[in-house]
Amino acid sequence: MSFERYDELVGLVPTEVVTHSYVQDIALPEGAGVLALITLDNDLDSTKPTTLGPNTLIEFGRTLEGLKERAARGEISAVAVTGKPYFLVAGADLSTVKSVRSEHLGRLMAELGHEAYDLLSDMGVPSFAFINGVALGGGLEVALAANYRTVSSGANGIGLPEAFIGLVPGWGGVYRLPRLIGPANAVKVMIENPLSNNRSLDGSAAYELGIADALFEPADYLEQSLVWAARVLTGGEAAEAVAQRRARLARYDDVAWAGAVAAGRAFVEAKTSNAAPAPSRVLDLLEAGRTLSQKESAAAECAALSDLMQTPEFHATVYAFLDLVQKRGKRPAGAPDRKLARPVTKVGVVGAGLMASQLALLFARQLKVPVVLTDIDQARVDKGVGYVHAEIDKMLGRKRLSQDAANRTKALVSGSVSKEVFSDADFVIEAVFEEMSVKKQVFKEVEAVVSPECILATNTSSLSVAEMAADLQHPERVVGFHFFNPVAAMPLLEVVRAPKTDESVLATAFVLAKGLKKNAVLVQDAPAFVVNRILGRMFGEITAVFDEGTDAETADSALRPLGLPMTPFRLLALVGLPVGQHVQESLHAAFGDRFHVSSNQQKLIEAGVKGLWERQEDGTEIVPEQTLALIERGSTPSSAEDVLRRTQDALADEIGRMLSEGVVAAPEDIDLCMIMGAGWPMHLGGITPYLDRVGASERVLGKTFHQA
Amino acid sequence: MSLHIGTTSPRSASRAVRDVVFVDGVRTPFGRAGDKGIYAGMRADDLVVKCIRDLMRRNPSLPAERIDEVAIAATTQTGDQGLTIGRTAALLAGLPRTVPGFAIDRMCAGAMTAVTTTASGIAFGAYDIVIAGGVEHMGNHPMGVGADPNPRFVSERIVDPAALNMGNTAENLHDRFPAITRDRTDAYAVRSQQKLAQAYEAGQIQPGLVPVAGRKPGSGWTLNTVDEPPRPGTTVEDLATLRTPFRAHGRVTAGNAAGLNDGATAALLASADAAAELGLPVRMRLVAYAFAGVEPEVMGIGPVPATEKALRQAGLDIADIGLFEINEAFAVQVLSFLDHFGIDDEDPRVNRYGGAIAVGHPLASSGVRLMNQLARQFEEDPSVRYGMTTMCIGLGMGATVIWENPHHEHYGQDAA
C-alpha cells in the first residue's frame with residue numbers, strides 16, 4: 001500500500017478528529033451497475049464540521065485504492081463521494097496544518113492530498129462528487145478531482161479560500177478549476193472572493209460557474225444525484241449535455257488566461273499591496289499551470305504549500321481567524337454572565353445627527369424594539385427620523401427587507417424634541433457633540449426622566465466615561481458603547497467599563513452587542529480606548545515625519561509592507577481632517593507629546609482642504625501645488641525604512657503601555673479590535689504578532705507580546 | 001347509482017357530480033420499524049416529501065400551482081407526523097405556497113380516506129387536482145403511544161379494552177369463525193410472501209417505488225430501493241413454529257399478520273376534465289366508496305359491510321369485481337372476507353402481488369399502496385372491468401373503494 005510513506009504524519013496531530021470514509025454499494029437504476037458511495041463522516045453532529053487531517057486523508061486514499069481494485073475486478077461501475085448532512089467536507093483542519101512545523105512534513109502533507117485526490121480522478125471507472133454542503137479548500141478540491149460533480153441548491157460555503165488563509169489551493173484546485181470554469185472565473189473563486197471578506201459561493205452560484213455539472217434541490221438531492229449519475233454512466237443525452245456545457249463554460253485561450261492572471265495581480269495589489277505572499281503565489285501557479293501537465297503542476301503546488309505553511313503570515317492568519325475571530329470574538333474576554341443582563345424593550349437615542357440616526361436604524365433593525373430619537377428642535381428630529389426611513393426604503397428597494405419588515409422597522413423609529421419620551425426606555429444612548437459639558441448636561445436631563453434602572457450609554461470616542469457619569473445620581477448605570485463608522489458595516493463595538501459601572505449594566509451591554517450582531521470587546525475607561533488610540537499613534541508618526549520634511553509619497557507609503565486597507569493620509573481624508581485632528585488633540589491632551597498634533601494638518605483644515613491627496617483626471621493622485629504652498633516643513637526627512645521602523649516601534653510602545661495600564665485583558669483583544677474595527681489584515685494577526693515578528697516589541701519592550 | 005353524469009368544469013348553479021380519476025401513485029419502500037430498520041433515525045415527513053416530489057417529476061405536464069389540496073394521513077399526529085402534515089409536507093416538498101394542505105386520520109384507512117375525501121371534493125367541484133397519501137413511521141410512533149382512551153370505554157363497557165389491541169381482535173375473529181384455522185392463515189401468509197416475491201421478480205412492484213436515501217451512524221449513506229419486510233421463501237413449517245403473542249395457544253402470529261412498519265405513499269387524483277386538459281394519464285376511475293362500522297372487538301370483519309354498501313351504491317355484484325386489493329392486517333381478517341363472499345383462499349383475483357403480510361403495513365399509508373397495485377393490475381389485465389380496494393380499520397370499521405379499469409373495452413360506456 002502506497003500510503004505507508006505517510007506514516008510519519010499519523011501521529012502528527014494526536015487530537016485529529018478523523019473524518020471517516022464509509023463505503024456503501026448502491027445498485028443504480030437504469031441498469032447502470034453498482035456505484036460505491038463514500039460518505040465522509042466524523043460521526044459528530046452538524047455543529048462539528050468534517051475536516052481533513054492526515055489520518056482522514058490516509059483513510060480516504062486507502063479506501064480509494066481498495067475501490068480502484070474492485071473497479072479493476074469489474075465489481076463496481078462507478079465511485080462517488082458525498083458528506084454527512086450540510087458538509088461535503090469543510091476543508092483542511094487548520095489547527096492540524098498549523099502544527100506542521102517542518103518543511104519536510106509540510107511537503108509530505110501536500111503530497112498526501114495529491115496522492116489521494118489523484119486516485120479519485122483515475123479510478124478506472126467514472127468518479128462523481130455530490131457536493132451536498134460546505135466544500136471549502138481541500139474540501140472542494142476533493143470534488144474537483146472527481147470526473148463529475150453535482151451540487152445541492154441548499155449548499156452554502158463553497159470556495160477556495162486558501163489565498164485568504166495564507167496558502168494556495170494546492171491539492172489540484174489551482175490546476176483543475178480554471179480548466180473547468182475558465183481562468184477568469186477561477187481568479188474570481190481563488191482570489192477575488194477570498195480577498196473580499198472571504199466570500200464563498202452557494203450551490204446555485206457554483207453550478208452557474210460550472211464547478212458542478214448538475215444542480216438538485218436539497219429535499220431529495222442524493223437520490224436525484226444518483227439517478228443523474230446512472231444516466232451519465234449509461235451514456236446518451238445526459239453525458240452529452242455535460243460535455244457540451246463544459247465546453248461552453250471553459251472556453252478560453254492563451255490571451256484570456258494571461259488576462260485573467262494580470263487582472264488577478266491587479267486585484268491583489270489593490271487589495272493587499274502584496275503584503276502577504278499567498279495571493280500572488282496562487283497567481284504564479286495559475287500562470288505557470290497553463291503549460292504544465294497536472295503532475296508538473298502538482299509538484300509546484302506541493303512546493304508552494306510547504307513554503308507557505310512555514311510563513312509567519314500563514315500562522316498569523318490562523319491565529320487571527322481561529323483564535324480571535326471565531327473564538328475570542330464570539331466569547332468576549334471579561335464579559336459578565338449573561339444571566340445578569342436586563343431586558344431592553346425600548347431604546348432612546350439622544351441626538352438626531354448622522355451617527356445617532358445610524359444607531360437608531362441599527363437598534364430598530366436588529367433588536368426590533370421601539371427606538372426614539374430626540375434633538376433640540378423639530379427640524380433636526382425630522383431629519384434624523386427621515387434619514388432612518390430613507391435608509392429603510394433603500395433596503396426595501398434592494399430587496400434586503402420585505403415590505404412588511406420595512407413597515408415594521410419604520411414604525412419602530414420615532415422622534416421627539418422632549419426627553420420625556422425616554423421615561424419608559426431601558427437603554428438610552430447619547431450621540432451628541434463630543435464635548436464633556438454637553439454630554440454631562442444630556443445625561444443629567446435624561447436621568448431626570450428615566451427609571452432608576454435605565455442604562456445610560458455613551459458613544460464617545462475619546463472622553464472619559466467616568467467623568468461623564470460623575471455627577472449622576474446613579475453613575476453605576478453608565479457604560480461606554482463605542483461604535484465605528486459606518487455603523488452598519490463595522491463589526492467592532494468597544495464596550496467601556498467605567499470604575500463604577502454595574503455588572504448587570506455591563507452584562508446587558510454585551511447581550512445587546514450580540515443582538516446588534518457586533519463583536520464586543522471589553523475595554524477600560526482610558527482615552528480613545530483601543531482602535532482610535534492605536535490609529536492616533538500611527539497618524540501621529542506619519543504626520544510627524546511629514547512635518548519634519550519627509551515627502552508625502554514616502555511618508556504615506558512607508559507602511560505598505562503591512563498591507564493596511566488604506567494609507568494613513570487617505571484614511572485621514574476619509575475620516576475627515578477636522579475629526580482626526582480633534583481626536584489627535586484629545587490624545588495629546590491625555591498622553592502628551594508622543595501623540596503628535598500636526599500644525600500642517602491644522603493649516604489644511606483652516607484652508608478647507610479635505611485631504612492631502614487629490615485625484616487627477618487620469619486617476620493618479622498628487623498633492624496639489626496650492627496645498628503644498630500651505631505647508632511648512634522641516635529639513636530632516638526620513639527614509640521609508642526609517643518611517644516604517646519608527647511606526648512599528650511607536651505601535652509596540654503604545655500597545656505595551658495599554659497592556660500595562662490594563663486597557664484590555666490581553667494582546668489578543670488589541671488584535672481583535674484592529675481586525676474588526678480598523679480592518680487591519682489577518683496576515684498581521686491584527687498587529688501584535690507582526691510587531692513580534694519584525695522585532696519591534698523586543699526592541700521597545702525587551703520582550704514579545706506572544707510566546708514563540 | 002349514476003355517477004357518470006356528463007361533467008363540465010364550471011361550478012355553476014346547476015351543479016353536476018364530476019368524474020374522479022386516479023392519475024398516479026407512488027410509495028417509499030416500506031421498512032421494518034425499530035432501531036435496525038432502514039428508516040431508523042429518519043423523519044416521517046421527509047418520507048412523504050420524497051413521494052410528493054416524485055409524483056411531480058413523473059407528471060411533468062402538471063403545473064404545481066394547479067394542485068388544489070394536499071391531504072396526508074397519519075395515525076399519530078405528533079412530532080414528525082404532527083403540525084398538519086399535509087401542509088408541512090407541501091411546503092417541504094417545494095410546492096407553491098398557494099397550495100393548501102391538511103392532515104387526516106382514520107387509523108389504517110388514513111390514506112384511503114384522504115383519497116375518498118379529496119375525491120369527493122373533486123366530484124363536488126371544489127378541486128380539480130389533489131395529492132392524497134399517508135405516512136406512518138411506527139418506529140418513531142409505536143402504536144397507541146400517547147393515546148388516552150376515555151375511561152368510559154371500560155366503565156360503561158362501550159368497547160372491551162382488549163379491542164384496543166389489534167392482535168386481540170384478530171384472535172376474536174378466529175373465535176367467531178372456527179372454520180378459519182391457523183393452518184389456513186399460515187398457508188395464506190406463505191402464499192402472500194410467494195406472490196410478492198414473484199411480483200418483484202416480474203418487476204411489477206419497482207415502478208411504483210420512490211428511492212429513499214438513508215444514513216446510519218458509522219456506515220454512511222445508502223439508497224433504499226426495495227421493501228425491507230418481505231421474507232421470501234417462508235414455509236408453512238417455518239410459520240408453524242412461531243409463538244402466538246396475543247393469546248396462549250392462540251392462532252395469530254407475527255407470520256400471519258402484517259408487521260410494524262415505516263413508509264409513506266402519495267397519489268395524484270384529478271377530475272376527468274382536468275386530466276384531459278393537462279394530458280395526465282387515467283389509471284382508474286372512481287366508481288363508489290363506502291365506510292362501515294362493526295363491533296370494535298372484531299374490527300377485521302369491517303371490509304364486509306363496507307363492501308356490501310359500496311357494491312349497493314355502485315349497482316354492482318361481488319361477481320362483477322375482477323380484482324381485489326385487500327389489506328392484509330391479519331390473514332384471518334382476509335379469510336373472513338373471502339369466506340363471507342364465497343371466494344376461495346387461493347382465488348387469483350385476490351392480492352395478485354401478495355399483501356401487507358409480506359410487504360408491510362405502515363398504518364395510515366397503506367390505502368394508496370392498494371390503489372397503486374390495482375392500477376398496475378388494471379393495466380396488465382384489460383379484461384377486468386372493476387376492481388376493489390378494501391381494508392379493515394381499528395376500533396371496528398371497514399373501508400371499500402370500487403374502481404373502473406380505463407383499459408377495459410367497455411370503459412365509460414354505460415353507467416356504473
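Helices here are DSSP runs of H or I at least four residues long, strands are runs of E of at least two, and both are numbered from the N terminus. This is a predicted model, where local features need pLDDT of at least 70, side-chain atom pairs count only at pLDDT 80 or more, and totals for chains, interfaces and linings use all residues. Residues are numbered from 1 along each chain as its sequence is written, with chains lettered from A and ligands numbered from 1 in the order in which they are written.

Let's start with the sheet in chain A. It is open, has 6 strands with mixed pairing, and runs in the order E1-E2-E3-E5-E7-E10; two strands count as paired if DSSP finds at least two bridges between them. At the edges sit E1 (20–27) and E10 (214–216) of chain A, each pairing on one side only. From one strand to the next, the twist averages 20° (axes are lines fitted to C-alpha atoms, for helices over the stretch in contact, and angles run from 0 to 180 degrees between N-to-C directions).

Further in, E5 (residues 127–131) and E7 (residues 148–152) of chain A run parallel, joined by 4 bridges. Here A:Ala129 is found opposite A:Arg149 in E7(A).

Now for helix H2 (residues 54–72) of chain A: it lies across E1, E2 (34–41) and E3 (78–83) of that chain, at about 25° to E1(A). Contact means C-beta atoms, placed from the backbone, within 7 Å.

E1 turns up again where chain A meets chain B. That contact takes 16 residues from chain A and 18 residues from chain B. On the chain A side, E1, E2 and helix H10 (221–233) each give two or more residues, with the largest share, 5 residues, coming from E1(A).

Technical notes
Two residues are in contact if their C-beta atoms, placed from the backbone, lie within 7 Å.
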